[in-house]
Every structure is written in C-alpha cells, then in structure tokens.
Amino acid sequence: PEDVRTAVEVMNADRVGHGYSATADPSLMALLKTKRVHLEACPGNHPQNKRDIESFRSAGLNFGLNTDDPAEYFGNVTLPTVDLL
C-alpha cells in the first residue's frame, strides 16, 4: 500500500496501474476516493484481483477494467472482462 500512497501523496498521481494493495489499507482507500484517483484494474484469471476490484466498486472508487494481455489489445475486451466479474 505504501507505493500507492507515495504515488498519490508525493508524486500527485491521478492514475494508478492496478493498485490492488490499497485494499489492505482503509485510509488509503479513502484517500483514493477523496482525490478521485483512477485505478487501472486487470481482472484476468486471478481470483484475488476480482475480489480487490469488487472492493474498489464497493468503496465507490474510480476504476476501469483493462487487460494485460497483448493479444486482446485490439479486440473487444470489455464484455469478456466484465463477464469475469
């Protein structure tokens, strides 16, 4: 969580790739919401990522669903990715 906090507080990041570790720190989750930081979430086939994304949603955070798979970069990743959740 400290890497995410440093990115937001020290480097003034308004966007964080992944950021799943933030779910372990309620004060960091609150900071992300207050500062309206966008989280890039890639659910893939990782059950923990899906749980963390649900935590982002439950906390009212700003996040987008993306892919880390280069084969999917030019296709429609939205619907298959949403189905994973």
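**Note on the predicted model**

1. Read along the sequence, the protein chain follows the pattern α-β-α-β-α-β-α. That makes four helices and three strands. Helices (H or I, at least four residues) and strands (E, at least two) are DSSP runs, numbered from the N terminus. This is a predicted model, in which local features need pLDDT of at least 70 and side-chain atom pairs count only at pLDDT 80 or more, while totals for chains, interfaces and linings use all residues. Residues are numbered from 1 along each chain as its sequence is written, and side-chain values use heavy atoms, with hydrogens and water left out.

2. Some totals for the chain come next. The protein chain has 85 residues, of which 33% count as buried. Buried means under 20% relative accessible area, exposed means over 50%, and partly exposed lies in between (1.4 Å probe, protein chains only). The chain exposes about 5400 Å², and carbon and sulfur atoms supply 52% of that area. Accessible areas come from the Shrake-Rupley method with a 1.4 Å probe; for residues, only the protein chains shown count as cover. Among contacts between residues at least 6 apart in sequence, 48% join residues at least 24 apart. A contact means heavy atoms within 4.5 Å.

3. How do the strands pair? Strand β1 (15-17) and strand β2 (residues 38-41) pair in the parallel sense over three bridges. Two strands pair if DSSP finds at least two bridges between them. Gly 17 has Glu 40 in β2 as its bridge partner. From β1 the chain crosses through α2 to β2, and this β-α-β crossover is right-handed. The term applies if, with the strands pointing away from the viewer, the path from the first strand over the helix to the second runs clockwise. On to the next strand: β2 and β3 (residues 62-65) run parallel and are joined by four bridges. Leu 39 stands opposite Phe 63 in β3.

4. A search of the whole structure finds two aromatic pairs. The rings of Tyr 20 and Phe 56 have their centres 6.0 Å apart and their planes at 5°, so this pair is stacked. Because Tyr 20 lies in the loop between β1 and α2 and Phe 56 in helix α3 (residues 47-58), the pair ties together parts that are 36 residues apart in sequence. Phe 56 also forms an aromatic pair with Phe 63, a tilted one, with 6.1 Å centre to centre and 50° between the planes. Rings of Phe, Tyr and Trp (its six-membered ring) pair if their centres lie within 6.5 Å; planes under 30 degrees apart count as stacked, over 60 as edge-to-face and the rest as tilted.

5. Phe 63 is partly exposed, at 23%. Leaving aside neighbours within four places in sequence, Phe 56 is in contact with several residues, among them His 18, Thr 23, Met 29, Leu 39 and Leu 61.

6. Which residues have the most contacts inside the largest nonpolar core? They are Leu 32 and Phe 56, in a core of 16 residues. Helix α1 (2-9), α2, β2 and α3 each supply at least two residues of this core. The most comes from α2, with four residues. A nonpolar core is a set of buried Ala, Val, Leu, Ile, Met, Phe, Trp, Tyr and Cys residues joined through side-chain atoms within 4.5 Å.

7. The loop between β1 (15-17) and α2 (26-34) holds Ala 22, and Ala 24 lies in that loop too. Ala 22 is buried, with a relative accessible area of 0%. Not counting residues up to four places away in sequence, Ala 22 touches Val 4, Leu 28, Met 29 and Leu 32. Ala 22 and Leu 32 are ten residues apart in sequence and 8.7 Å apart in space, C-alpha to C-alpha. Ala 24, by contrast, counts as exposed, at 64% relative accessibility. Ala 24 and Pro 1 are 23 residues apart in sequence, with 7.0 Å between them in space, C-alpha to C-alpha.

8. Two backbone angles can be checked. Asn 12, in the loop between α1 and β1, has a phi near 55°, a positive value in a residue other than glycine. Asn 12 is exposed, with a relative accessible area of 57%. His 18, in the loop between β1 and α2, has a positive phi near 70°. His 18 is partly exposed, at 29% relative accessible area.
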